[in-house]
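Subject: Structure handover

Hello,

Here is the structure for you to look at. Please open it first, then read my notes below.

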Amino acid sequence: VTGVLEELAAEYEAVVEAALSAGGGDGVVLIVRSPPGAAGAGGASLAGRNDKAVAFAFTYAAQPAGAPVVERALTSEGGAEGGMAGGTRLLVWVSSFPIVYAGEDIAVTWG
């Protein structure tokens, strides 16, 4: 898990760095909630201080159809078992996972 999180953090840092360096030091990272339904295209314009403005197009992704599916699950040691004392880290790969914008929108249950 740690490697995956470090890789994701590095990718995020690269996006932020590219955004900041592209505009001569001024940059914006914008997260847009995609509308429900099919994927498509949209556009937006932003206005800032000193009468600076930018317009751009973007493509948004549709929510996956159907319920999420657990593709693979195992412990961080690579097996499918853990001790009765607990504390075993689980790695779970899920496909068709819906787009989530806040951690509190995710619930994990077992059983």
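How many helices and strands does the chain have? The chain has one helix and four strands. Helices (H or I, at least four residues) and strands (E, at least two) are DSSP runs, numbered from the N terminus. From the N terminus on, the order is α-β-β-β-β.

Two ground rules. This is a predicted model, where local features need pLDDT of at least 70, side-chain atom pairs count only at pLDDT 80 or more, and totals for chains, interfaces and linings use all residues. Residues are numbered from 1 along each chain as its sequence is written, and side-chain values use heavy atoms, with hydrogens and water left out.

Now burial. Of the 111 residues of the chain, 6% count as buried. Buried means under 20% relative accessible area, exposed means over 50%, and partly exposed lies in between (1.4 Å probe, protein chains only).

Next, the hairpin. Strand β1 covers residues 40–47, and the count of buried residues among its eight residues is zero. Eight bridges join β1 to strand β2 (residues 53–60), and the two run antiparallel. Strands pair if DSSP finds at least two bridges between them. β1 and β2 form a hairpin with five residues between them. N50, in the turn, has a positive phi of about 60°.

Look at G42 in strand β1. G42 stands opposite F58 in β2. Why is G42 called partly exposed? Its relative accessible area is 24%. G42 and Y60 are 18 residues apart in sequence, yet 7.4 Å apart in space, C-alpha to C-alpha.

Then the surface. V70, L90, V92, V94, F97, V100, I106, V108 and W110 make a nonpolar patch of about 840 Å². Patch residues have over 30% relative accessible area and no salt bridge; like charges are joined within 9 Å, nonpolar side chains (Val, Leu, Ile, Met, Phe, Trp, Tyr) within 5 Å. A salt bridge is a side-chain nitrogen of Lys or Arg within 4 Å of a carboxyl oxygen of Asp or Glu. Areas come from the Shrake-Rupley method with a 1.4 Å probe; for residues, only the protein chains shown count as cover.

Strand β4 (residues 90–95) gives the most to this patch, with three residues. L90 lies in strand β4. L90 is partly exposed, because its relative accessible area is 44%.

Last, a ring. The charged end of R72 sits over the ring of W93, 3.8 Å from its centre. That needs NZ of Lys or CZ of Arg within 6 Å of the ring centre and within 35 degrees of the ring normal.

Best wishes
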